[in-house]
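Dear colleague,

Please find the structure below, together with its sequence. A short account of the findings follows it.

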Amino acid sequence: MPHSPIPLRVDLKPEPRERGLLAPLALAALLTAGVGYVGGELTQLGPWYQALKKPWWQPPDYVFPIVWTTIFALSTAAMAFAWRDVACPRRRIATAVLFVVVGGLNILWSYLFFHLQRPDWALWEVAALWLAVALMVVMPWRGSKTASVLFFPYLVWVSIASYLTWTVIQLNGPFG
């Protein structure tokens with residue numbers, strides 16, 4: 001029997017590039033939109049927030065939705081790249097789980113800070129958020145540097161938000 005010039009593929013797992021971007025992008029966008037919606041609903045800039053003393057360096061209120069929209073868009077793309085490019089199924093799933101956890105922690109921070117009006121509790125929570133985002137940056141690095149780079153602004157912003165939360169506590173505490 002002559003040798004076939006087309007190699008038979010025994011491994012049935014798809015190669016990373018064969019997974020495609022559309023389905024993970026759509027799912028990540030749906031999850032991110034949900035986080036953005038719930039977080040936005042919890043973020044009420046009412047009389048309590050307006051009365052807080054804020055540091056001189058805090059960006060104006062209109063900057064926050066712009067930054068969050070940018071970070072959410074980058075993170076959505078990052079998750080799609082991580083899902084497509086990371087070959088190790090455990091690392092790919094761990095990144096996806098972290099993506100969901102980060103979304104939940106993001107909502108929890110808004111709930112603690114704005115709804116319960118407890119920046120002191122939000123400061124403790126933001127440590128967990130920062131760690132989860134840091135892991136989300138590191139986890140896909142070997143398989144998708146693009147995903148890691150796109151997740152990185154989230155880490156920068158959570159670092160700024162952490163310091164801002166601490167500063168608000170210093171200027172206004174104690175709470176409760």
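In the largest nonpolar core, which has 41 residues, the members that touch the most others are Val102, Phe113, Leu129, Val133, Met136, Phe151 and Tyr154. Such a core is a set of buried Ala, Val, Leu, Ile, Met, Phe, Trp, Tyr and Cys residues joined through side-chain atoms within 4.5 Å; buried means under 20% relative accessible area, with a 1.4 Å probe and protein chains only. At least two residues of this core come from each of α1 (22–42), α3 (63–85), α4 (89–115), α5 (119–138) and α6, and α6 gives the largest share, 10 residues. Helices here are DSSP runs of H or I with at least four residues, numbered from the N terminus.

This is a predicted model, in which local features need pLDDT of at least 70 and side-chain atom pairs count only at pLDDT 80 or more, while totals for chains, interfaces and linings use all residues. Residues are numbered from 1 along each chain as its sequence is written, and side-chain values use heavy atoms, leaving out hydrogens and water.

Phenylalanine 151 has contacts (heavy atoms within 4.5 Å) beyond its neighbours within four places in sequence, among them Ser75, Phe99, Met136 and Pro140.

The structure also holds two salt bridges, each a side-chain nitrogen of Lys or Arg within 4 Å of a carboxyl oxygen of Asp or Glu. Arginine 84 pairs with aspartate 85, their closest N and O atoms being 2.6 Å apart, and both residues are buried. Arginine 118 pairs with aspartate 120 at 2.5 Å between the closest N and O atoms; these two residues are buried as well.

Yours sincerely

Definitions and conventions
Buried < 20%, exposed > 50% of the residue type's maximum accessible area, 1.4 Å probe, protein only.
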